[in-house]
Amino acid sequence: MTERHRILLRKMLPFWKLAFELLLIAAFVFYGIRHWEDMRTVVQRISPSTLCLSIGIYTCSHFLAAAMAQLLFSANGYPLHYATFLRIHLQRLPAKYLPGGIWQSIGRGADLVGIGIPTRTVIQTLLVEQLLAIWWAGFLGFLLAGLAFNGKVPIAAIAAACALLAGGIVATVLARMFKPDLVRLINAARSSRVCAVYVIGWSLLASAFTCYLWLGGLTQAGPLRIASSYLVSWMLGAMAFFAPQGMGVFELAMQYAIFPLQNKAEALWLIGSYRPVVLVADMLAWLASWHWRRMASSSNGIS
């Protein structure tokens, strides 16, 4: 493949991702409309209290995301206040839903550069943040899967141990090879505080999804199986660069783990119906942030 072809492929990738995203949304809506009576019967099982609990748990994860950014940027020489990272994170939540799936990260990066952090540092730190999220999702998911599937998939526990070992080896090698700023990030990634934030954050996200499916009565699978499947499926979706927000890949992986014997289209619709729940949680968090900023501006204006 020539350099010209590689450049063309890179330019076309955003359009392919957009087309893929629109196709999946259209398929989701079409199936829901066509089988609305069946879907309504299923959705009516979910109580408002279950939905509120799921939304509340997911919303709490935003505070952990801001804490992670603060820890990594502080380790890289920019110890800004936690409120700054929380404001930027919440302010850019709507960009998460723009076609392409990358605009929230771009918006956060632009805001961080705007407050004086060098572009290179922002790119490095946000990349490490995303890689750590993928690694922790996979590690925790495989670790839980070894327990959730009653020993039927011991390979999952082995995979978790291998991931832990490989992560430690790679971090050690990179710490010796790269420049001081990357060394600081790698050392931070191995710190107990960073590990604790990722574990708590993923526990919240997995709990929100488990609450939706299990308490909502949408599956007979146990909560541990749902949580482990969610984490591994999220990891697979995040690694699928062609799928914005893992759309399609996440649902297929979850369907295979949780609904292997059920009608595939119906199972995919049930799993995909969690995305509007996430949308509501994100929008509520964004509205709360917007109201807080307005109140703060009014207070400054009065004073």
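Analyst: The accessible surface of the chain comes to about 16500 Å², and 71% of that surface belongs to carbon and sulfur atoms. The model is a predicted one. Of the chain's 303 residues, 41% count as buried.

User: Why is the pair of tryptophan 136 and phenylalanine 139 called edge-to-face?

Analyst: The structure holds 10 aromatic pairs. In the pair of tryptophan 136 and phenylalanine 139, the ring centres are 5.8 Å apart and the planes stand at 80°. Centres within 6.5 Å make a pair, and planes over 60 degrees apart count as edge-to-face, so this pair is edge-to-face. Both residues belong to helix α6 (residues 119-148), where being three residues apart separates them by about one helical turn.

User: How do you know whether tryptophan 136 and phenylalanine 139 are buried or exposed?

Analyst: Buried means under 20% relative accessible area. Tryptophan 136 has 9% relative accessibility and therefore counts as buried. Phenylalanine 139, at 11%, counts as buried too.

User: What makes the pair of tyrosine 212 and tyrosine 274 tilted?

Analyst: The ring centres of tyrosine 212 and tyrosine 274 are 5.4 Å apart, with 50° between the planes. Tyrosine 212 lies in helix α9 (residues 192-215) and tyrosine 274 in helix α13 (residues 274-302), so the pair ties together parts that are 62 residues apart in sequence. Both tyrosines are buried. They also belong to one aromatic cluster with Phe209, Tyr230 and Phe250.

User: Why is helix α11 described as mostly covered?

Analyst: Eight of the 10 residues of helix α11 (residues 249-258) are buried. Among them are Val249, Phe250, Glu251 and Gln255. Phe250 is also a member of the aromatic cluster that includes Tyr212 and Tyr274.

User: Why is tryptophan 103 called partly exposed?

Analyst: Tryptophan 103 has 38% relative accessibility. Together with Leu98, Ile102 and Ile106, Trp103 forms a nonpolar surface patch of about 350 Å² accessible area.

User: Why does tyrosine 78 count as partly exposed, and which residues is it in contact with?

Analyst: The relative accessible area of tyrosine 78 is 26%, so this residue is partly exposed. Tyrosine 78 is found in the loop between α3 (48-75) and α4 (82-91). Leaving aside neighbours within four places in sequence, its contacts are Phe73, Phe85, Gly116, Ile117, Pro118 and Thr121. The C-alpha atoms of tyrosine 78 and isoleucine 117 are separated by 7.4 Å, although the two residues are 39 apart along the chain.

User: How do you know that cysteine 211 is in no disulfide?

Analyst: A search of the whole structure finds zero disulfides. For cysteine 211, the nearest cysteine sulfur, that of cysteine 52, is 9.9 Å away. A disulfide requires two cysteine sulfur atoms within 2.5 Å, so cysteine 211 is in none. With a relative accessible area of 6%, cysteine 211 is buried.

Notes. Residues are numbered from 1 along each chain as its sequence is written. This is a predicted model: local features need pLDDT of at least 70, side-chain atom pairs count only at pLDDT 80 or more; totals for chains, interfaces and linings use all residues. Side-chain values use heavy atoms; hydrogens and water are left out. Rings of Phe, Tyr and Trp (its six-membered ring) pair if their centres lie within 6.5 Å; planes under 30 degrees apart count as stacked, over 60 as edge-to-face and the rest as tilted. Helices (H or I, at least four residues) and strands (E, at least two) are DSSP runs, numbered from the N terminus. Buried means under 20% relative accessible area, exposed over 50%, partly exposed in between (1.4 Å probe, protein chains only). Patches are made of residues with over 30% relative accessible area and no salt bridge: like charges are joined within 9 Å, nonpolar side chains (Val, Leu, Ile, Met, Phe, Trp, Tyr) within 5 Å. Accessible areas come from the Shrake-Rupley method with a 1.4 Å probe; for residues, only the protein chains shown count as cover. A salt bridge is a side-chain nitrogen of Lys or Arg within 4 Å of a carboxyl oxygen of Asp or Glu. Contact means heavy atoms within 4.5 Å.
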